[in-house]
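Good morning, and thank you for making time on the agenda.

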Amino acid sequence: MGWKIVAKLLNLLHLLPVVKALNRFLRLLTAWGHRLQFTMEWVVARHPPEWFDHFLDNSWKWHQSRNPLSWERGVFGSLAMQQGCRVLDLCCGGGFITYHFFSGRAASVVAVDFDPKAIAHARRNFKASNLVYRCADIRTDMPEGEFDNVSWDAAIEHFTETEIAQIIGNIKQRLTRNGVLSGYTIIEKATGNRILITNTNSNRKKIWSSCCGAFSLMLGYLKPDGVISSKTAVTSISGPAKPRSRSMTVGCDKFAVTPSPTRR
Ligand SMILES: C[S@@+](CC[C@H](N)C(=O)[O-])C[C@H]1O[C@@H](n2cnc3c(N)ncnc32)[C@H](O)[C@@H]1O
């Protein structure tokens, strides 16, 4: 009610250009603040975080890079989800994608990450009545329950091959018969070099194999129970158009896998 009255009054006074100018100034201010945060967290910090605050994309980085990868991941993940589904979001980070892309479609979402700072950020910024955040290590404490969708997005490369095999087994147990596992993972650097991920929280190190290592590894674990669903499997290569940046582009692959009908 209040918004409409104020808006009508401002329109009567022909103040729309002033409001637009104010918003432009606020956007510039916000972009400046988020660029500073990005530089502090990711450029000059000795130990950058393991999760990315997507407010940085929202307020500055997307405009600067013109790379929609973060949004693409959210959209592709949500395409695998039916209205009213039950979602388990593994390694949810700060909850931005969980909230904006999954929780609007799902009946319920359980989102889990082992970084207390990420979970605190998610609880502070992305509350919803159908969304529960848990701080837990999915290697040892994956939430119980039955789910129509499991999202494991931008995190697979944080685990060793043995851990991936065990986690996939636990995912299978939790997925319903036609359930879908979806997510994104780094396959390789454009240079073809192996990717080194340091897990700062537990001081573990994981070296990812080159080529299409992560993706074929996943498929290997899912066979013969899992099949790539032709309806939902999507492949996407995201990267900025500028040749200078292209050397930093990583291959990425979206996978969506349904268990075979023989299971359960
Ligand atoms: C690159 S972030 C991705 C976050 C989120 N899925 C997104 O797309 O924004 C990877 C996340 O995996 C989490 N993670 C790594 N190892 C984990 C573990 N063993 N159990 C739970 N979360 C873990 C990290 O804390 C981090 O938040």
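Predicted model: local features only at pLDDT ≥ 70, side-chain atom pairs only at ≥ 80, totals over all residues.

Strand 1, helix 5 (residues 96–102) and strand 2 form a right-handed β-α-β unit. Right-handed here means that, with the strands pointing away from the viewer, the path from the first strand over the helix to the second runs clockwise. Helices (H or I, at least four residues) and strands (E, at least two) are DSSP runs, numbered from the N terminus. Residues are numbered from 1 along each chain as its sequence is written.

Let me stay with the strands. Strand 1 (residues 86–90) pairs with strand 2 in the parallel sense over 5 bridges; two strands pair if DSSP finds at least two bridges between them. In this pairing, leucine 90 stands opposite valine 112 of strand 2. Strand 2 also runs parallel to strand 3, joined by 5 bridges, and there the bridge partner of valine 112 is arginine 134. From strand 2 the chain crosses through helix 6 to strand 3, and this β-α-β crossover is right-handed. Strand 1 also pairs with strand 4 (residues 147–152), in the parallel sense and over 4 bridges, with leucine 88 opposite valine 150.

How much of these strands is covered? A residue is buried if 20 or more other C-beta atoms lie within 10 Å of its own, exposed if 12 or fewer, and partly exposed in between, with C-beta atoms placed from the backbone. Over the chain, buried residues make up 34% of the 264 residues.

I turn now to helix 6. Which residues of helix 6 (residues 116–125) are buried? They are Ala118, Ile119, His121 and Ala122. The buried residues of helix 6 pack against strand 2 (108–113) and strand 3 (131–135). The face turned away from that buried side carries the exposed residues Pro116 and Arg124. Helix 1 (residues 2–12) has 11 residues, of which the number buried is 0, so helix 1 lies largely in the open.

Two loop residues deserve a remark. Most residues other than glycine have a negative phi. Cysteine 91, in the loop between strand 1 and helix 5, has a positive phi of about 60°, and it counts as buried because it has 23 C-beta neighbours inside 10 Å. Alanine 154, in the loop between strand 4 and helix 7 (161–174), likewise has a positive phi of about 60°. Alanine 154 is buried, with 20 other C-beta atoms within 10 Å.

Finally, the ligand. It is surrounded by 18 residues, and the closest are Trp51, Cys91, Gly93, Phe114 and Asp115; a residue counts as near if its C-beta atom, placed from the backbone, lies within 6 Å. The shell divides into 10 nonpolar, 2 polar and 6 charged residues. Ala, Val, Leu, Ile, Met, Phe, Trp, Tyr, Cys and Pro count as nonpolar, Asp, Glu, Lys and Arg as charged, and the others, Gly among them, as polar.

Key:
Contact = placed C-beta atoms within 7 Å.
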